[in-house]
Amino acid sequence: MSTCTLCKRRKAIFMRFYSGENLCKICFCRSIESKVRTTISRYEMLNPCDKIMVAVSGGKDSVTLLHILAKIEKEFPKAKLSAINIDEGIKGYSVEAQRVTKKNCRKLNIECVLISFKEMYGYNLDDIVKMTREKALSPCSFCGMLRRKALNIAARESGGNKLATAHNLDDETQTMILNIFNGNVLQIARVKPVLEVIHPKFIQRIKPLCLVPEREIAFYAYLNGIEFQSMVCPYSETALRNDIRQLVNRMEEKHPGTKFTIFRSIEKIRPAIESITESLKIRDCKMCGEPTIGETCQPCQILLELSIL
Ligand code: SF4
Ligand code: ZN
Ligand code: ZN
């Protein structure tokens, strides 16, 4: 490969098709960190005194986010960074995820808050999957709902005022397309870099990697020797999302920059949808007191069904 487009000195090792740049190791890593900084300031994600809780699953995206935020945080001595790991109770998978998360936290000298489905809800995901085999919902939909609630409670109880998740550009564009496929129009308004705090019990969610393609996060992790969990969750869905992933990746190959185009298009559409969602009333769940749209939050509905199964 040729010389780096930016420093014009070192040998390029990465070709960024959508911008036409060929980058050396140093310029590539700097470009990712600077993309995260720009995203944080463009969407006003952080303030200098924030207590940021990072949701770390142990996978490459969340561990990389933790490393990049740890670097950025050094410039803000009043900010505090901690990690939260949720043990879903998936045999052979969750233990390894927690081991990798703890190891990275030790290395970065970051506090790690550990919460499990079992202690919060009384059931492991494995138990729930066995008990709900007949239901139409997939393990991932149970897991997603229970994890979102657990993360919010853990972040709040740890004194956090920001909850950073590692959704990358690929995740965001796939979810946007999936929402259109499934007709979840109102959900389109919820896929955004910073979620508004629509209830005092919600901790503000931010997505500092939302403009970084997945492939570049993987390469950054590799170049920096970041250890992450490579095991795939046994319940990982292979259905529609994977087909959408392939579709978007094929389009990106043929038309570099497609993922950014999708992301920007939804940014334009979102305000119109938001004007509809503004009228939705958020109240306290009558079972657990956590914020919800209906009378009972979805995790409580799941647990209620499990206890009478
Ligand atoms: Fe949970 Fe599905 Fe992720 Fe497994 S793949 S951890 S079940 S959301
Ligand atoms: Zn360079
Ligand atoms: Zn509830």
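Predicted model: local features only at pLDDT ≥ 70, side-chain atom pairs only at ≥ 80, totals over all residues.
**Exercise 1.** Which arrangement do the four donor atoms around the zinc ion (ligand 3) adopt, and what angles do they subtend?

*Solution.* The zinc ion (ligand 3) is coordinated at 2.3 Å by the SG atoms of Cys 285, Cys 288, Cys 297 and Cys 300. The next step is to examine the angles: the four donor atoms subtend 102 to 116 degrees, and four donors count as tetrahedral if all angles lie between 85 and 135 degrees. The arrangement around the zinc ion (ligand 3) is therefore tetrahedral. Along the chain, the donors of this ion follow the spacing C-x2-C-x8-C-x2-C. Within this set, Cys 288 sits in the loop between strand 8 (283–284) and strand 9 (291–292), whereas Cys 300 belongs to helix 12 (residues 298–307), so that the pair, twelve residues apart, links distant parts of the chain.

**Exercise 2.** Classify Cys 288 and Cys 300 by relative accessibility.

*Solution.* Buried means under 20% relative accessible area and exposed over 50%, with partly exposed in between. Cys 288, at 33%, therefore counts as partly exposed, while Cys 300, at 6%, counts as buried.

**Exercise 3.** Describe the site of the zinc ion (ligand 2) by its donors, its geometry and its sequence spacing.

*Solution.* The donors are the SG atoms of Cys 4, Cys 7, Cys 24 and Cys 27, which coordinate the zinc ion (ligand 2) at 2.3 to 2.4 Å. Their angles of 102 to 118 degrees make the arrangement tetrahedral, and the spacing along the chain is C-x2-C-x16-C-x2-C. Because Cys 7 lies in the segment before strand 1 (14–16) and Cys 24 in the loop between strand 2 (21–23) and helix 1, this pair ties together parts that are 17 residues apart in sequence. Cys 24 is buried, its relative accessible area being 1%.

**Exercise 4.** How many aromatic pairs does a search of the whole structure find, and why is the pair of Phe 28 and Phe 219 edge-to-face?

*Solution.* The search finds six aromatic pairs. For Phe 28 and Phe 219, the ring centres are 5.2 Å apart and the planes stand at 70 degrees, so the pair is edge-to-face, the cut-off for that class being over 60 degrees. Since Phe 28 lies in helix 1 (residues 25–42) and Phe 219 in helix 9 (residues 214–223), the pair ties together parts that are 191 residues apart in sequence. Both Phe 28 and Phe 219 are buried, and they form one aromatic cluster together with Phe 14 and Tyr 222.

How values were computed. Residues numbered from 1 in each chain as written. Chains lettered and ligands numbered in written order. Heavy atoms only, no water. Donors = N, O, S within 2.8 Å, 3.2 Å for Na, K, Ca; no water. Tetrahedral: all angles 85-135°; square planar, octahedral: opposite > 155°, others 65-115°. Helix = DSSP H or I, 4+ residues; strand = E, 2+ residues; numbered from the N terminus. Buried < 20%, exposed > 50% of the residue type's maximum accessible area, 1.4 Å probe, protein only. Phe/Tyr/Trp six-rings, centres within 6.5 Å; stacked < 30°, edge-to-face > 60°.
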